Amino acid sequence: MASKDGQPGSIDSSPTVRSLERALEISRAFIESRADRAVWPTATLEQLRASLGGELPSHPIDPTDVIDALARAAEPGIVTTTGPRYFGFVTGGALPATVAAEWLTAVWDQPASLYVLSPAAAVVEEVAARWLLDLLGLPAGASVGFVTGCHMANFTALAAARHELLRRAGWDVEADGLQGAPRLRVIVGDEVHVSVIGALRLLGIGSKQVVRAAADDQGRMRPDALAAALAAGEGPTIVCAQAGNVNSGAFDPLDAIAELTSRYGAWLHVDGAFGLWAAASRALKTHVREVERADSWATDAHKWLNVPYDSGLVFIRHPEAHRAAMSLSAAYLVRSDNDPREGMDWTPESSRRARGFAVYAALRSLGRSGVEDLVDRCCRLARRFADRLREEPSIQILNDVVLNQVLVRVVPATGDADVATRDALRRIQDERICWLGGSRWHGLDAMRISVSNWSTTEEDIDRSADSILRAVRSRLTRAREEDAGRIAELHLASWRATYTGELSQAFHDSQDAAAWAAEWRGQLADGVMVILAKGADRLDGFAACGPVRGKAPNPVEWEIYNIHVDPARRGGGLGGMLFNAAAELGRQRGARQLVLWVVGTNNPARRFYEARGMQCDGGEQEHVLGHETLHEVRYRMDL
Ligand SMILES: Cc1ncc(COP(=O)(O)O)c(C=O)c1O
């Protein structure tokens, strides 16, 4: 009888193998579905909690059953970040060789802390480190750390910088700490990535202590601002430059910055989470001119190199500073003869996964030309994306598309562009053909596109651009209808809810507003909903009532009417019908007051309702309901 994994004395490997076989079947189905499955999942938070939750099992469960159940419960909540139309954040797609290498890494379960724990992991890191320095054009003698991501790469590099600058000032920060140490100056560009600030915070340098040098319209640090900041102070100084702004993809002018920092004897750190990979492309390396003059560099493998999470890389020109900042010793942490790589000398963690295997697999499977092609292809596709979106006059591309990032804003002829942009983004996310995230750029709402996946094709870009254009244009159509004052049409076309009674606030406060709206969506295609409240003071329970269905009266004394309207009468008459119906129903049901919330994508209704004796008594408010942003104005009339 096969014994179970994890039980003392088990030498039977078949449970592991059976679980892996099952995982392979599940993986095969997932991988094959990637190009077409919804990019963002449909399961709700509650559904996932229900399907994955429950009590801790009281007894062991067969590993294959665990894998089966896990996959079944988790998959409805899996974002297809590895698919070709995921453009969120800056996300790579896990190259084939890297996924298999990760699997082996787990099977081997090698900590890469010390040579004695895994000679293979140590040598693979050594080799991958050499290849990386070569590929990125960095000094061959630089030391390399395999960390969780660029955030930790920034941390590691800045810890080395802190060590080295304070050492030069006669201070041993590892022994004596930061209190009482010579003051370190840190200058960053105004568009610094937040992870640099986070890393500095961990190192004892507060966010308010950092000097920010102004950036230009693309987010590039301005050399004149850096020169002024350098001249304005003195003492040991770190300058943090950036290769690849997370929004615009823009590069700080590294050559000018390197010149200035060397003049002041400052430590130059380059945060190049994805932008550093431009150095691997003959067409793009001009963006990182003289990057090799820096003292330290941080990047990610899980972004543009398409290695699975988590995988970041740090490179430091001064290996002794790097080692001094990271290395720990204890009697049992035995170093090996022959000076092999000891992984824990170069990272903040002692125990860690042998991340080098997947990085090695990526580099080996792509080769120099493959990395260059991956980087160039993503940039080409980003430009294609921007060109397709420019077809729509109301779309603005906010950045110069110099790399793989595109910043998109919707600017309708009338109305609020921030609202229009957020509204379009929600529609795009809801359609699930592709996924983009939102951001703010120079005070403006924008959608971020990052093309970073090895498997994305021109067809994927076109399908995604079509989805975005559809989302933007559908909103514009509705906005034009509003502009023409066709309130009723608008209500019909987009399931606007208009309701009476003191329900509105409860509705908006309801945690379940999206589900509520979804419930009603189909039914409102050809009607207008009126919610009528009899006792305005007795409706607190609304949110707890659950989904509302049909017309039946319910215990909290409110009713819902879905008024069907003859399509032939759509047009100017519907607003009046709605108003009359609401008032009449209110009177019949003994309501003291008619309170009408007029909800739409803007506020077109004021003149209409005021002409009928209603007082507007609520300022305009914005609500996010499901994927809609609605403006609401409240009108009140005694019945
Ligand atoms: C410029 C820059 N630096 C650092 C980071 C942090 O990287 P990670 O989240 O992989 O640690 C990012 C992430 O997008 C980035 O764009």
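Predicted model: local features only at pLDDT ≥ 70, side-chain atom pairs only at ≥ 80, totals over all residues.
Residues are numbered from 1 along each chain as its sequence is written, and side-chain values use heavy atoms, with hydrogens and water left out.

**Overall architecture**

- The protein has 19 helices and 16 strands, these being DSSP runs numbered from the N terminus (helices H or I with at least four residues, strands E with at least two).
- Of its 639 residues, 53% are buried, where buried means under 20% relative accessible area, exposed over 50% and partly exposed in between (1.4 Å probe, protein chains only).
- The protein exposes about 28000 Å², of which carbon and sulfur atoms supply 52%; accessible areas come from the Shrake-Rupley method with a 1.4 Å probe, and for residues only the protein chains shown count as cover.
- Among contacts (heavy atoms within 4.5 Å) with a separation of 6 or more, 73% are made by residues 24 or more positions apart.

**The ligand and its surroundings**

- There are 15 residues around the ligand, and of these His151, Asp271, Asp300, His302 and Lys303 come nearest; a residue counts as near if one of its heavy atoms lies within 4 Å of the molecule.
- The ligand also has an oxygen atom 2.8 Å from a polar backbone atom of His151, and an oxygen atom of the ligand lies 3.0 Å from a polar side-chain atom of Lys303.
- Taken alone the ligand exposes 390 Å², and the protein buries 83% of that.
- Helix α6 gives the largest share of the shell around the ligand, namely three residues.
- The shell divides into four nonpolar, eight polar and three charged residues, with Ala, Val, Leu, Ile, Met, Phe, Trp, Tyr, Cys and Pro counted as nonpolar, Asp, Glu, Lys and Arg as charged, and the others, Gly among them, as polar.

**Helix α8 and Val196**

- Helix α8 covers residues 194-202, and Ser195, Val196, Ile197, Gly198, Ala199 and Leu200 are buried in it.
- These buried residues pack against α6 (150-168) as well as β2 (185-189), β3 (211-213), β4 (237-242) and β5 (267-271).
- Val196 has a relative accessibility of 1% and touches Asn154, Leu158, Val188, Cys240 and Asp271, leaving aside residues up to four places away in sequence.
- Val196 and Gln242 are 46 residues apart along the chain, and their C-alpha atoms are separated by 9.9 Å.
- Just after α8, Gly204 takes a positive phi of about 90°.

**Asn245 in its loop**

- Asn245 is placed in the loop between β4 and α10 (254-263), and at 1% relative accessibility Asn245 counts as buried.
- A polar atom of the Asn245 side chain lies 2.7 Å from the backbone nitrogen of Asn247, and the side chain of Asn245 reaches the backbone nitrogen of Ser248 at 3.0 Å.
- Beyond residues up to four places away in sequence, Asn245 touches Glu191, Gly219, Ala250, Phe274, Gln405 and Trp441.

**Salt bridges**

- The count comes to 39 salt bridges, each being a side-chain nitrogen of Lys or Arg within 4 Å of a carboxyl oxygen of Asp or Glu.
- Arg335 and Asp345 meet through their side chains at 2.5 Å, N to O; both lie in the loop between α11 (319-326) and α12 (356-389), so the pair ties together parts that are ten residues apart in sequence.
- Within that pair, Arg335 is partly exposed at 31% relative accessible area, whereas Asp345 is buried at 2%.
- Arg390 and Asp387 form a salt bridge at 2.8 Å, N to O, with Arg390 partly exposed at 43% and Asp387 partly exposed at 47%.
- Asp462 forms a salt bridge with Arg388, the closest N and O atoms being 3.5 Å apart; because Asp462 lies in helix α14 (residues 458-483) and Arg388 in helix α12, the pair ties together parts that are 74 residues apart in sequence.
- Arg388 counts as buried at 16% relative accessibility, and salt bridges that share partners join Arg384, Arg388, Glu391, Glu458, Asp462 and Asp466 into one network.

Conventions
Polar contact = N/O pair within 3.5 Å; in protein donor to acceptor, adjacent residues only side chain to side chain.
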